[in-house]
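Please look through the sequence and the model below.

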Amino acid sequence: MLKLTELTKDDRKRFLLKNLVTHLHQFARETSLTTQEWQEAISFLTATGQKCTPLRQEFILLSDVLGLSAVVDAINNPAIQGGTESSVLGPFYTEDSPDLQPGDSIASEGKGEYMYVEGRVLSIDGTPVANATIETWETDGHGFYDTQYAVREKPDCRGRIHADKDGYFGYRAVVPVAYPIPGDGPVGKLLLATGRHNMRPNHLHIMVEAPGYKTLVSAWYPEGDEWLESDAVFGVKKSLVVSLSEVDDDAEARKRGFPKGGKFKLLKRDIVLVPEEKSREVFEQNAKEAAKNAAAA
């Protein structure tokens, strides 16, 4: 089989296929994989694919709970001093987020406790990044994404906004809550079989894009959640843990657009992007070191 991989014309694909086959064969030999175990693995992967829909990605969930998503994230988004760290995309991202105006709400009324999110988009040298696109999504106050409801009339608890010319952004949301990842599929059964819990700490996803900068996929994790230290998909990083302050001011709540006024939580955090050239430079350097270490092993 390894000789046949040499027929692959594309250098990168040939390299990936050769290493994949090598490690798969090595795994089978090291574990003395039985025919029954092989069949069970095929059935598991088949069931994983069958559980996928246009709005549910069971394979991404599998990658998440195995820690593969976190590894790929770390490789492709090396930490660079001053830059906001990345986090896993997760299986609940969709491409139909509505375009919103500054100060608008990503959540329909009644979806949870009021929260306002604000900050600036900056470069690692502190200069503002104008007109950055910020896509954001979260659970509602019951711990469900909009895609998990039987009826989804429109996108909810998700939206796309733009920072202004000075990098400022602000929007209304709800306080996210901790939730169990879907347990009705093969990935849920895998977690049960391995004695692991299926909880994720509460978090707010962000994806930030701007010309000349590395696209940032990340999330903010409010402090105090009991699952921060044992996230089922290994997405939490210390630098992404944030504090929520409480604003108990009816007039201020209404000024910010909350229909019922009262009090709200405030999440204030800047987003720091890394120039594309700098990100590529560090990635390529790390790739060369990894290849060198692999060759020496």
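Helices here are DSSP runs of H or I with at least four residues, numbered from the N terminus. Under that numbering, Met1 lies in the segment before α1, which spans 2–5. The model is a predicted one.

Met1 belongs to a nonpolar patch on the surface, together with Leu4, Leu7, Leu17, Leu20 and Leu24. The accessible area of these residues together is about 610 Å². Helix α2, residues 11–31, supplies the largest share of the patch, with 3 residues.

Strand β2, residues 133–137, pairs with β7, residues 204–209, in the antiparallel sense, and 5 bridges link the two. Strands β2 and β3 also run antiparallel, joined by 5 bridges. Individual residues show how β2 is connected to these strands. Ile134 has Ile161 as its bridge partner in β3, and Val208 as its bridge partner in β7. For Glu135, the bridge partner in β7 is Met207.

Are the residues of β2 buried or exposed? Thr133, Glu135 and Trp137 point one way from the strand, Ile134 and Thr136 point the other way, and all are buried. Buried here means under 20% relative accessible area. Because 5 of the 5 residues of β2 are buried, the strand is largely enclosed by the rest of the structure.

Methods. Residues are numbered from 1 along each chain as its sequence is written. This is a predicted model: local features need pLDDT of at least 70, side-chain atom pairs count only at pLDDT 80 or more; totals for chains, interfaces and linings use all residues. Side-chain values use heavy atoms; hydrogens and water are left out. Two strands pair if DSSP finds at least two bridges between them. Patches are made of residues with over 30% relative accessible area and no salt bridge: like charges are joined within 9 Å, nonpolar side chains (Val, Leu, Ile, Met, Phe, Trp, Tyr) within 5 Å. Accessible areas come from the Shrake-Rupley method with a 1.4 Å probe; for residues, only the protein chains shown count as cover. A salt bridge is a side-chain nitrogen of Lys or Arg within 4 Å of a carboxyl oxygen of Asp or Glu. Buried means under 20% relative accessible area, exposed over 50%, partly exposed in between (1.4 Å probe, protein chains only).
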